[in-house]
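Subject: Handover of a structure

Dear colleague,

Please find the structure below, together with its sequence.

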Amino acid sequence: SITPSITQDESIEQNDLNDSCRICIKLETEKLDHEHFSLCVECCSGTSSFQVLYTNETSVYIVEFMQYIDLNKALHSLNNKAFCGLQLVAKHLPRTRCLHVTPFPELIAEDYLSLYFERLVKHDEHMEVQIDKSTQSAIIIFPNPEVAEDVLSKTHILRGHTLKLRRYYESEKLTEFTTEQDREDCNPSNKDEEDSDSMTQKNEDD
């Protein structure tokens, strides 16, 4: 679970603020709509220059600020104010060296995937590939965030399959999605449930 990263007596070093202007926010309920959530972030951060991103946890969002803000002040405000009767839990997200990769074609061996990404790092640098066959996805752990961002900025086609790469925050086990639809498309279980519901409804209609 996500817990507040700071208290009134703690602060984030300036170097960390320059490193990443992202925070994750956990809602105690999923009922706060996007408009009210954005308003809450704007009131607490003092800026409207940010982007709300989605994660694999439906009650957890990532907020990327497009300009410098007093992140300590914003986190303190978010963690100590109830908005619309809801208590928010906010935490700073340092830059990540991990990427979440989908889809992972079943016919492609793990070693082949490793070799593909290993060519993108220096010979003396270590990287790791973790494959989850149940979700047809993989986590690639690069030597540092700079390498991960460089890999993320490029298009990757593996044996005719265009891979989708997204930031993955290992400490929080969060995958970052730009839209809600992107998150739904990445979750095969949701599609299976929707297909099952559609089939059930069709049978009832018949």
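Lys 173 is exposed, because its relative accessible area is 56% and exposed means over 50%, whereas buried means under 20% and partly exposed lies in between (1.4 Å probe, protein chains only). Lys 173 sits in the loop between β10 and β11 (174-177). Although Lys 173 is not a glycine, its phi is positive, at about 55 degrees. Most residues other than glycine have a negative phi.

The model is predicted, and local features need pLDDT of at least 70, side-chain atom pairs count only at pLDDT 80 or more, and totals for chains, interfaces and linings use all residues. Residues are numbered from 1 along each chain as its sequence is written, and side-chain values use heavy atoms, with hydrogens and water left out.

Arg 159 belongs to the loop between β9 (156-158) and β10 (161-169). With a relative accessibility of 56%, Arg 159 is exposed.

The chain as a whole may be described next. The protein chain contains seven helices and eleven strands; helices (H or I, at least four residues) and strands (E, at least two) are DSSP runs, numbered from the N terminus. Of its 206 residues, 43% count as buried. Among the contacts in the chain with a separation of 6 or more, 66% are between residues 24 or more positions apart, where contact means heavy atoms within 4.5 Å.

Helix α2 (residues 34-45) packs against helix α3 (residues 71-80) at an angle of about 130 degrees, and their axes are 8 Å apart. Axes are lines fitted to C-alpha atoms, for helices over the stretch in contact, and angles run from 0 to 180 degrees between N-to-C directions. The pair α2 and α3 is therefore oblique: angles under 35 degrees count as roughly parallel, over 145 as roughly antiparallel, 65 to 115 as roughly perpendicular and the rest as oblique. Cys 40, Cys 44 and Ser 45 of α2 meet Ala 74, Ser 77 and Leu 78 of α3 in this contact. Helix α3 is largely enclosed by the rest of the structure, because seven of its ten residues are buried. These buried residues are Leu 71, Asn 72, Ala 74, Leu 75, Ser 77, Leu 78 and Asn 79.

Which residues does Ala 148 touch, not counting residues up to four places away in sequence? They are Thr 96, Arg 97, Leu 99 and Phe 142. Ala 148 lies in helix α5 (residues 145-152) and is buried, with a relative accessible area of 1%. Between Ala 148 and Cys 98 there are 6.5 Å in space, C-alpha to C-alpha, although the two are 50 residues apart in sequence.

Finally, Asp 182 is part of helix α6 (residues 180-186). Asp 182 has a relative accessible area of 13% and is buried. Its side chain makes a polar contact of 2.8 Å with the side chain of Arg 166. A polar contact is a pair of N or O atoms within 3.5 Å; within protein, one must be able to donate a hydrogen and the other to accept it, and residues adjacent in sequence count only if both atoms are side-chain atoms. Leaving aside residues up to four places away in sequence, Asp 182 touches Lys 164, Arg 166 and Phe 177.

Yours sincerely
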